[in-house]
There are 2 protein chains.
Amino acid sequence: VSGALERLKDRAAEIHTLRGLHRLLEWDQLVIMPPAGAGHRADHLALLGRLEHEWLSDPELGRLLDELAPTEASLDPDSDDAGLLRFVRREHEKAVRVPAALREEMARASTEAKVIWQEARASSNFEFFLPQLERSFDLRRRYIACFDTTDQPYDVVLDDYEPDLTTPEVAGLFDEIKDELVPLIAELRDRDDGSVLTGPFPVEVQIALCEEIVGLLGYRPGTWRLDPTAHPFASGPGIDDVRITTHYHEQTLGSFFATVHEFGHGLYEHQIPRRFAHLPIGAGWLSGLHESQSRLFENMVGRSLPFWRFFYPRLQEYFPERFRGVELDRFYAAVNSVRPSLIRIHADEVTYPMHVIMRFELEQAILDGDVELRDLPRLWAEKIDTYLGIGVPDDARGVLQDIHWSWGLIGYFPTYLLGSVMSVQFWEQAATDVRDLEERVERGDFAALREWLGENVHAWGRKLTPQEILERATGSRIDARPYLDYLGEKYRAAVAV
Amino acid sequence: VSGALERLKDRAAEIHTLRGLHRLLEWDQLVIMPPAGAGHRADHLALLGRLEHEWLSDPELGRLLDELAPTEASLDPDSDDAGLLRFVRREHEKAVRVPAALREEMARASTEAKVIWQEARASSNFEFFLPQLERSFDLRRRYIACFDTTDQPYDVVLDDYEPDLTTPEVAGLFDEIKDELVPLIAELRDRDDGSVLTGPFPVEVQIALCEEIVGLLGYRPGTWRLDPTAHPFASGPGIDDVRITTHYHEQTLGSFFATVHEFGHGLYEHQIPRRFAHLPIGAGWLSGLHESQSRLFENMVGRSLPFWRFFYPRLQEYFPERFRGVELDRFYAAVNSVRPSLIRIHADEVTYPMHVIMRFELEQAILDGDVELRDLPRLWAEKIDTYLGIGVPDDARGVLQDIHWSWGLIGYFPTYLLGSVMSVQFWEQAATDVRDLEERVERGDFAALREWLGENVHAWGRKLTPQEILERATGSRIDARPYLDYLGEKYRAAVAV
């Protein structure tokens, strides 16, 4: 048996290495690669994708898992080996369901989506985009058909990103949020025009600013990288090579908040325990849990009053002409101004959830067969009007703004909001356990926060499910109440300043 | 049969993709990677190395080659398919000879060598280095034993880098060069002290200069990259993603000549024909032939009088304080000054060959059993004294200066000099075929040179062997005579200026 466990670990480690390579290639493509290299990159990614599916669905891996089933049952469920066996079993069982041909077609569609989406968005041409969208949803439907579905086809896609949440749970949570946020947005909207945050902010100064803030938060230069890219993301092949990115635009300080956000993602990967960092459990969950770590840093830290009490004088030194004479209170109100807008990725903390909820509602309706894809522009405009009270002037600023659906990322949007919800649960528990947490933030001391997250979230890797990790850390599964209370209190106060 | 050929091409293409990935990972490690990422990188490279060896030595590939042998015999030998079958057969037959365990041990020794070598060199401690050197030569001896050797064990290692040259041929060529160069060096040495080329040259100005020169030579920004690194090299995953590097040091213009050198390597890979760029024949020979392309640009172009007639005024604009009042003739003499020195990679065009020849002589004597590794420091000093007339003050500037032997690159050194020799043969043929080649260089027009190299060298990929390519292009196999005549004429003239 110990021989079987070692063999399984060897195979699992190779699958994990393949995924590290995959992330490195994606980082290179988005940050470094000359554009003409896209053809070679498609070959690289197709090869890695084929190998990953072959190795995961290998019958020999299945035999090893069968042989090890009694061992797994006898182990402490919290042990590394039990966690590894659970995780690999889950991945193997999902992989064997999906024929290689379908996997490859999904990968090809995903590669081809990018060019089509870019062209459609640039010309705001939904008709041109529709066939790719049909193809993508059709492939997802074929994927869903590979599994024993309940009466909720959406459960299958949700399970890829949120292993232990069901569609009704998410729908209930989102309804609760919607019911409170729609009136809150109407109450708060446009009380601050955010003009204090208008540039110019010279890019070279922003670069120095972002390097300073990640250094303060806990980035280590010989282990991390921070690079510019078009759409910020965090990646890297492993715990000792963490690569975060940001985007510099002279007219805004978006690079600052993006950097703090991506730092949270990076820290999650960086603090995975070294003893299992070479195995598939040695990574963060690509789900709401990952997003909770980035939102926690972006919002609970980076948009908080304690943080800006600490850091605003420094920001004023970076941009003296812009912020000389601007009081902290006014700056803080601008950082937290609530303004309904069309583009999800530019939305503020209070209106952002509505962008996610409407996408969740639409993709669920599509998979349930209640909605035709060609009706999406109309349905999109209706929801934006109902939830945010604004009009959609064109599809580029409507249904064409996201690549996700054409890429095959159907069922992924909820993770963005689930992450925000959980980030408040984690933050409040951390503030209970570390009694002077806010004072520490106000002193620029983030070590205790890093340690709390390391011990209570990151230390599990993927040994437990996201909801299990949340429950171990906070005593509760996902719950919208703390999140809604936080938004109400923070934003009513910020406006009152 | 056409089915078998397609299956073989699919397998060959995947092996080629794996190698492109491998090159990308090495580039990333040397240019971009945070140092702490070395552990992950070793895992990546070990996995790719294992897969490459498994796929190359796969019995199914052998069966396909057997099935295709009659096809191969019936094809035009210059056709792509014939070239592919020859090349894959050669690689398969070499791969099956070497047990996977030995391959892995060689790879592990190679990975571990770097740290040991760096420490030994930093402390100039040969005793500390000796065990790693013993291990490396022992592994090479075991590798050689896998093949049917003639009485020349060196032939086996030479064949990995120079497929159709024998040890006696190389030895004869090198003796011919040595006999003429030792007295030439004594005649020319130290007539110019090169002080005109002493900095400071601000690094940001050097960066702009290097970007301009590669642009003039034929670098295309959306397809190539130029980045700084410690030891310049050229790499990249394929013809549409060519990555060259250089090293900036404020006190010298070494970055300029390194950039021109690496451009030559990059152009070779960039001009591989698109129709077979996804197959193993779709790459340059990692041998003297590759080095001939870089040396041609570095020396025939970048250290020539026509080139500097064109580019010296521009260089004066980059560094007005340094070069104002320095005549072209004086600058040209400094660019071509001959000064015996200890470090191979800093040697000039005339003394460089002696560094290669002494290494070739020593590694051959070691493999023949005529020399003990512990005697290397003494033998090194003797050869440096005999060939260059200078003393070796310590092992860091002697036998510890190169990583090659401890890395397992035994038999590789000759390629550096073979490349210089062939570069003159190619250049002279190009100058015969393109009658106004020098005038074009003097006008800064490099298109005809690129085209000549593309048609006569790069178009073959690895369909023919390096010596066959040389013979098709110039009518002759490798020949030291043109090279020695070139050195004598150029350097006696440069000094006379």
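**B:Gln293 and its partner**

I started with the side chain of B:Gln293, which makes a polar contact of 2.9 Å with the side chain of B:His458. By polar contact I mean a pair of N or O atoms within 3.5 Å; within protein, one must be able to donate a hydrogen and the other to accept it, and residues adjacent in sequence count only if both atoms are side-chain atoms. This is a predicted model, where local features need pLDDT of at least 70 and side-chain atom pairs count only at pLDDT 80 or more, while totals for chains, interfaces and linings use all residues. Residues are numbered from 1 along each chain as its sequence is written, chains are lettered from A in the order in which they are written, and side-chain values use heavy atoms, with hydrogens and water left out.

Buried or exposed? I found B:Gln293 buried, at a relative accessible area of 0% (buried is under 20%, exposed over 50%, partly exposed in between, with a 1.4 Å probe and protein chains only). B:Gln293 sits in helix α11 of chain B, residues 288–301. Helices (H or I, at least four residues) and strands (E, at least two) are DSSP runs, numbered from the N terminus.

I then skipped its neighbours within four places in sequence and listed what B:Gln293 is in contact with: B:Gly264, B:Tyr268, B:Phe426, B:Leu453, B:Val457 and B:His458. Contact here means heavy atoms within 4.5 Å.

**Where chain A meets chain B**

Next I looked at the interface, to which chain A gives 35 residues and chain B 35 residues. The two chains bury about 2700 Å² between them, with 66% of that on carbon and sulfur atoms; buried area is the accessible area (1.4 Å probe) that two parts lose on being put together, summed over both.

How many salt bridges are there between chain A and chain B? I noted six, a salt bridge being a side-chain nitrogen of Lys or Arg within 4 Å of a carboxyl oxygen of Asp or Glu. One that I looked up joins the side chains of B:Arg50 and A:Glu14 at 2.4 Å, N to O. On the chain A side, α1 (2–31), α2 (38–56), β1 (224–228), β2 (234–238) and β3 (241–246) each supply at least two of the residues that touch chain B.

I also checked the surfaces: 100% of the interface residues of chain A are interface residues in chain B too, so the copies meet through the same surface.

**A:His249**

Last, I went to A:His249, in the loop between β3 and α10 (254–270) of chain A. A:His249 is partly exposed, at 40% relative accessibility. Between A:His249 and A:Gln206 I noted 43 residues in sequence and 9.0 Å in space, C-alpha to C-alpha.
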